[in-house]
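Me: Please pick one part of this chain and take me through it closely. After that, I would like to hear how some other parts are put together.

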Amino acid sequence: LWHPENLQKKYGFPELYLKDDGVNPTGSLKDRASFLVAAFARKHHIREVVVASTGNAGSSMAGVGAAAGLKVKLFLPKTAPPAKMIQALQYGADLVLADKNYDQAFSLSLEYSNTRGGLNRNTAYNPMTIEGKKTISFELFPQIKKVPDHIFVSVGDGVILSGIYKGFRDLLKLNRIKNIPVIHAIQASGSSAIYRAMNSGVFEGITSETVADSISVDIPSNGLLAKKNLESFGGQCILVTDEEILLAQKELSSSCGLFSEP
């Protein structure tokens, strides 16, 4: 958990913190889910894990799978960043590229696991992805010594958002906390299905295009649960442009030393 003094002073928020999941073993926030999936596969003697990804979940599962001695079948859109493809290949994943987009990669991975077997790790399909990501909440509460007032989460499929909600809901049920924080779902203006659904009530299949490739999805596979969580607990959804994303990336790097992907 970062305590960015320069940003705190600049914006007048002395209790601003940054949760940096780039320090996980593969450099990806998706490791939280991958560890749980790999442990389940090992426990039940499943030797292959199947996953669709825009890049991060795939490279994460490939790395964690390599350590666990598992075969990983990875479906990526051909537009995925080359660096993430290289990382997954170095870990030994069997890579298949989808011609269109992440949604197609998702469908192909389900078809593969349904016909050929293996444990499908897909975000919003395998419930362990949400259970893994709720550990963010389990860490934040003791680190800050209280429930944060506000949490800002970048959102594509909505699984990290739902995982954070799940963690705080669990803490509430256990009487460890008295309230759930206001959670803000941050979406790129070029990939804003959940934001639009919050206003219109329906999810539309509009092609996404944004520099933030990790949260670029046409129809979010966890969209309904993410929307339900936001509406049930007074959450908000905010749009940011690609220009704002790149400016923020530069500011994070130059003001506090946190180099993040867009």
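**A close look at one serine**

Reply: S137 is buried, with a relative accessible area of 0% (buried is under 20%, exposed over 50% and partly exposed in between, with a 1.4 Å probe and protein chains only). Before going further, please keep in mind that this is a predicted model, in which local features need pLDDT of at least 70, side-chain atom pairs count only at pLDDT 80 or more, and totals for chains, interfaces and linings use all residues. Residues are numbered from 1 along each chain as its sequence is written, and side-chain values use heavy atoms, leaving out hydrogens and water.

S137 sits in helix α7, residues 135-144. Helices here are DSSP runs of H or I with at least four residues, strands are runs of E with at least two, and both are numbered from the N terminus. A polar atom of the S137 side chain lies 2.8 Å from the backbone oxygen of I164. For a polar contact, the pair must be N or O atoms within 3.5 Å; within protein, one must be able to donate a hydrogen and the other to accept it, and residues adjacent in sequence count only if both atoms are side-chain atoms. Leaving aside residues up to four places away in sequence, S137 touches G163, I164, G167, F168 and L171 (contact means heavy atoms within 4.5 Å).

Helix α8 covers residues 159-173, and the loop from α8 to β6 (182-188) holds N175. N175 has a positive phi, near 60°, and is not a glycine. As background, most residues other than glycine have a negative phi. N175 counts as exposed at 70% relative accessibility. H45 likewise shows a positive phi of about 60° without being a glycine. H45 is found in the loop between α2 (31-43) and β1, and is exposed, with a relative accessible area of 68%.

Now to the sheets. β6 belongs to an open sheet of three strands, ordered β5-β6-β7 with parallel pairing (two strands pair if DSSP finds at least two bridges between them). At its edges are β5 (150-154) and β7 (236-240), each pairing on one side only. Neighbouring strands in this sheet are turned by 25° against each other on average, direction ignored. β5 and β6 run parallel and are joined by five bridges, and H150 stands opposite V182 in β6. Two helices lie across β6 and β7: α9 (residues 193-200) runs at about 130° to β7, while α11 (residues 242-256) runs at about 90° to β7. Axes are lines fitted to C-alpha atoms, for helices over the stretch in contact, and angles run from 0 to 180 degrees between N-to-C directions.

A second open sheet has four strands in the order β3-β2-β1-β4, with parallel pairing. β3 (94-98) and β4 (119-120) stand at the edges with a single partner strand each, so one side of each has no neighbour in the sheet. β1 (residues 48-52) and β2 (residues 71-77) pair in the parallel sense over five bridges, with V51 opposite L74 in β2.

Lastly, a helix pair: the axes of α2 and α3 (residues 56-68) come within 9 Å and cross at roughly 40°. That makes α2 oblique to α3 (under 35 degrees is roughly parallel, over 145 roughly antiparallel, 65 to 115 roughly perpendicular and the rest oblique). Residues making the contact include F35 and V37 of α2 and M61 and V64 of α3.
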